[in-house]
Amino acid sequence: MRWSKLFIPTLREDPADAEVISHKLLVRAGYIRQLGAGIYNYLFLAQRSINKIIAIIRQEMDAIGAQEMYLPGLNPAEVWQESGRWDVMGQNMFRLKDRFQRDLCLGMTHEEVMTAIARGELRSYKQLPQIWYQIQTKFRDEPRPKSGLLRVRQFIMKDSYTFDMDAGGLDRAYDLHYQAYCKIFDRCGLEYTSVEAHSGSMGGSQSREFMVRCEAGEDYVVLGPKSGYSANLEMAVSNPVPAAAPDPDGELAPEEFHTPGRKTIAEVAAFTGLPETSQIKSLVMTSDGKPALCLLRGDHQLSETKLTGVLGAGEVRPAHPEEIRDWFGAGAGSLGPVGVSNMRVLADTALQGRRNMICGANRDDYHLRNVTPGKDFQCQWADLRQVAAGETHRETGETLEVHKTVEIGHIFKLGYKYSESMGLRVLDESGKEVTPIMGSYGIGVERILSSAVELYHDKDGIVLPAAIAPFDVVVTPVNNADAAQREAAGRIYAECKAAGLDALLDDRDERPGVKFKDADLIGIPYRITVGKKLAGGQVELVERKGKKSQDVAVDGAAEAVRGMVAL
RNA sequence: CGGGGCGUAGCGCAGCCUGGUAGCGCACCUGCCUUGGGCGCAGGGGGUCGUGAGUUCGAAUCUCGCCGCCCCGACCA
């Protein structure tokens, strides 16, 4: 294509409202423009890149026998009510009414619709297994869209769904997807890791996330490079660092002491001269209107995900100050488990075996010392703690790392949640009605693009892997007014196209600096510069990554690029 | 949902405090010039100052409402 005819609106300056690097560069390089909060126009370059990503996904999905479909983005409420997720999804689901006041929503994912298809059509074990997928726009009303294409309200997702007769079949489907996803992300040129993950509102047992490490990410993963441990922070387990001070000896009795104005763990630590690890942190959480007192070592963080799992309840939230006052007769900051009998008391296992610790006295401005779990209060033990960097792997003792990541893919073993609730049944060999077992598997298409930009860029712009770059090569005559350069560039461009490359001819009447800057910014992997060396039959082949340059013969230029792109 | 910031030409910004007919850089158009890293010179076009109301002789500027966007927080008491 000829650059002079294309719409590639590059910007000299960073857009004012962009914060993360991929957002700045995608806007500057003319890939995207914002339409509203978390809503983006994908311009020509983004669309080309996305098309390449989708083509890779399609090939690898088809390779595992998946069948592509296209389901509606607009869904009637009924299917979501059947699965129970009409309520579960809460504010995150876009909802609307039609002219007859019927409830509809915009699909966030398509378990319900896929299951609805399956239950209407699948009758026999002979029809299983099935792998169905689509590449479709999803809508999620994010409370806070941000970071360019990384957290948006409308995005493209490849989502697939599997139906199997038994757990063994699901294992195979899950494994096929795992392998396919690795191939897809490898081919897209991404560096990624897969981690054990939490299933969230999807339901189901096992799941793994595919994550790209970068600063702009909002998910945290815990990695043990040597042991190979990898888990989402929500799921991760570890051994905590030891307490900073030994507990006092003896069977001491709890003793109240005055702590005026000391509310936080840090304030109490400073006041008592004892480390945070000597305190019991008391957090009041509620779910389904019922309170629970959660106890942790002073320096530890509560994992809401783990707590939700332990409570087996719906949404968990911190109690409001008024609720706390009602239940405890004291404000947050002076709370503790001693004498609490009106709610569940859960204690993190890191407190097991500890004694004579400090906690709030349930009386404003007072704390208790010499409090021993199990003796001075009863509790249910559970893993409630969120892992932190520097803690150690449970088996190997290796120090664990915590990294920010972006989730680009997620595979779930759903189990029977949807097939059961929506009434999907088939007959087995013996004529008995059985419920198929399901899996679901997603890939965030734009996130592949934006995380690639996060991963691969330099001061001059984007450095996309060739597989997902909008063009493979740009042919740039230094002076397009020079007939010899213009002709040679045109010829090389034609040869590139004939060689199967996605080629771009920069035939704009611009100074060379402008053309070089633009080519660097948008991240075309190779540039053939036709300039003064043309007199000697040579042109320059420059690799965007690392700016390595070599002189090649005019006649061999296209072939040289073709060899490097490795189609 | 809480807090903060911003909204003036396509983009980035100044002007607002202290009210008096809207400006800079880039981009764009025309001409000349130039051609190996966002050239140079000259001329030119483009803005209901987010929106509605109010104060005033007069509002981009002051007051109030609304809308939009960005950032921080929304469990760690």
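Is Cys359 buried or exposed? I looked up its relative accessibility, found 1%, and so Cys359 counts as buried. Buried means under 20% relative accessible area, exposed means over 50%, and partly exposed is in between, with a 1.4 Å probe and protein chains only.

**Ground rules**

I noted that this is a predicted model, where local features need pLDDT of at least 70, side-chain atom pairs count only at pLDDT 80 or more, and totals for chains, interfaces and linings use all residues. Residues are numbered from 1 along each chain as its sequence is written, chains are lettered from A and ligands numbered from 1 in the order in which they are written, and side-chain values use heavy atoms, without hydrogens and water.

**Whole chain**

I began with chain A. Its C-alpha atoms fill a box of roughly 95 × 65 × 50 Å along the principal axes. Of its 567 residues, 52% are buried. I counted 14 helices and 33 strands. Helices (H or I, at least four residues) and strands (E, at least two) are DSSP runs, numbered from the N terminus.

Next came contacts, meaning heavy atoms within 4.5 Å. Among those between residues at least 6 apart in sequence, 68% join residues at least 24 apart.

I then checked the domains, whose bounds come from an automatic or database domain assignment. Domain 1 is 8–236 + 403–453, domain 2 is 255–385 and domain 3 is 471–565. The C-alpha centres of domain 1 and domain 2 lie 38 Å apart.

**Cysteines**

How many disulfides does a search of the whole structure find? I got zero. A disulfide here is a pair of cysteine sulfur atoms within 2.5 Å. Cys294 is in none, and its nearest cysteine sulfur, that of Cys379, is 11 Å away. Cys359 is in none either; the nearest cysteine sulfur is again that of Cys379, 12 Å away. Cys294 has 0% relative accessibility, so Cys294 counts as buried.

**Helix α7**

Which residues of α7 (residues 265–272) are buried? I listed Ile265, Val268 and Ala269. They cover an arc of only 105° around the axis, so they sit on the same side of α7. The arc is that of the directions from the helix axis to the C-beta atoms. I recalled a general rule: an α-helix has 3.6 residues a turn, so residues three or four places apart point the same way. What covers the buried residues of α7 includes β14 (280–287), β19 (357–360) and β20 (366–371). Just after α7, Gly273 takes a positive phi of about 75°.

**Strand β29**

I moved to β29 (residues 473–477), where five of five residues are buried. Val473, Val475 and Pro477 lie on one side, Val474 and Thr476 on the other.

What does β29 pair with? Two strands pair if DSSP finds at least two bridges between them. β29 runs parallel to β30 (residues 503–505) over three bridges. In β30, Leu504 is the bridge partner of Val474. β29 also runs parallel to β31 (residues 526–530), over five bridges. In β31, Ile528 is the bridge partner of Val475.

**Hairpin β1 and β2**

Last, I looked at β1 (residues 32–36) and β2 (residues 39–42). They run antiparallel, joined by four bridges. Tyr40 in β2 is the bridge partner of Gln34. Two residues lie between the strands of this hairpin, where Gly38 takes a positive phi near 70°.
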